[in-house]
Amino acid sequence: MTTLSNSDSDQIEMLKRMYPDVSRETIDSFSIYVDLVRKWQPAQNLIAPSTMGDIWLRHVADSIQIQKSLPSASQWIDFGSGAGFPGLITAILLKDKEGSLVNLVESNQRKASFLRTVARETGSRVKVHAGRIEAVTKDWETPIEGVSARALASLDMLCGFSSQFIERGATAVFHKGQDFRREIDEASQNWELDLVEKDSLVDPQSKVLLISKMTARQA
């Protein structure tokens with residue numbers, strides 16, 4: 001593990017204050033993950049370059065909210081995993097929980113390779129599905145308790161991706177930014193939603209949306 005910069009150290013201290021129950025061992029796994037993001041970033045452009053300096057807060061701390069919003073869930077599916085936020089963060093938080101598994105869906109083969117590398121280096125319980133969401137989830141049979149996605153698509157589109165899982169008892173947990181109200185209104189034209197809004201601990205303009213029931217509206 002590389003030596004932390006002052007900026008990293010400060011951010012980690014803030015993260016610890018936000019999530020006092022996160023263990024030192026988990027922080028160490030996060031550090032391995034962050035190091036790998038920085039190593040792969042020049043070739044893969046995993047995250048926006050402007051956020052690299054704030055990676056611990058903008059990406060790690062922000063992603064922790066997902067698992068903490070649905071702590072009972074052990075079986076997850078994460079759509080459009082990209083660099084692994086929040087799916088890999090969820091997997092690291094759950095890696096000592098017997099029987100847990102996070103399914104990461106990512107169509108970009110190189111990013112899928114990155115996800116596998118992080119899972120291996122951190123000892124996380126992950127299955128990477130290198131394909132498009134529609135193809136991967138068609139005829140899906142494995143039970144899922146939690147569905148996540150971050151900076152992927154509109155809420156309306158995410159509802160389409162996640163409806164089959166919610167119908168079977170899963171809860172979707174989605175990050176949404178300052179336009180969350182408009183996205184909810186647009187999605188509500190096509191879906192009847194049982195939805196809870198939670199304030200983001202990282203960005204006061206953002207929300208974490210929990211959807212436990214969903215019914216398609218008749219055309």
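Q: What should I know before reading numbers off it?
A: This is a predicted model, where local features need pLDDT of at least 70, side-chain atom pairs count only at pLDDT 80 or more, and totals for chains, interfaces and linings use all residues. Residues are numbered from 1 along each chain as its sequence is written, and side-chain values use heavy atoms, with hydrogens and water left out.

Q: OK. How much space lies in the largest pocket?
A: About 690 Å³. A pocket is an open set of points on a 1 Å grid over the protein atoms alone, where a 1.4 Å probe fits, with protein on both sides within 12 Å along at least five of seven lines; lining residues have an atom within 4 Å of a point. The volume is the space filled by probe spheres set on the points, which are joined across faces, edges and corners.

Q: What is the lining like by class?
A: Nine nonpolar, twelve polar and nine charged residues. Ala, Val, Leu, Ile, Met, Phe, Trp, Tyr, Cys and Pro count as nonpolar, Asp, Glu, Lys and Arg as charged, and the others, Gly among them, as polar.

Q: Stay on α3. Why does its length agree with a helix?
A: Its 15 residues (55-69) should span 21 Å at 1.5 Å a residue, and the end C-alpha atoms are 21 Å apart, so the two agree. The expected span is 1.5 Å times one less than the number of residues.

Q: How many of its residues are buried?
A: 13 of 15, so to speak for α3 as mostly covered. Buried means under 20% relative accessible area, exposed over 50%, partly exposed in between (1.4 Å probe, protein chains only).

Q: What about serine 63 in there?
A: Serine 63 is in α3 and counts as buried because its relative accessibility is 0%. A polar atom of its side chain lies 2.7 Å from the backbone oxygen of histidine 59. Serine 63 also touches Phe85, Pro86, Ile89, Arg150 and His175, leaving out residues up to four places away in sequence. Contact means heavy atoms within 4.5 Å.

Q: Which residues have a positive phi without being glycine?
A: Asparagine 45, at about 50 degrees, is one of them, and alanine 151, near 55 degrees, is another. Most residues other than glycine have a negative phi.

Q: Where is alanine 151, and is it buried or exposed?
A: Alanine 151 is in the loop between β4 (146-149) and α7. It is exposed, at 82% relative accessible area.

Methods: Helix = DSSP H or I, 4+ residues; strand = E, 2+ residues; numbered from the N terminus. Polar contact = N/O pair within 3.5 Å; in protein donor to acceptor, adjacent residues only side chain to side chain.
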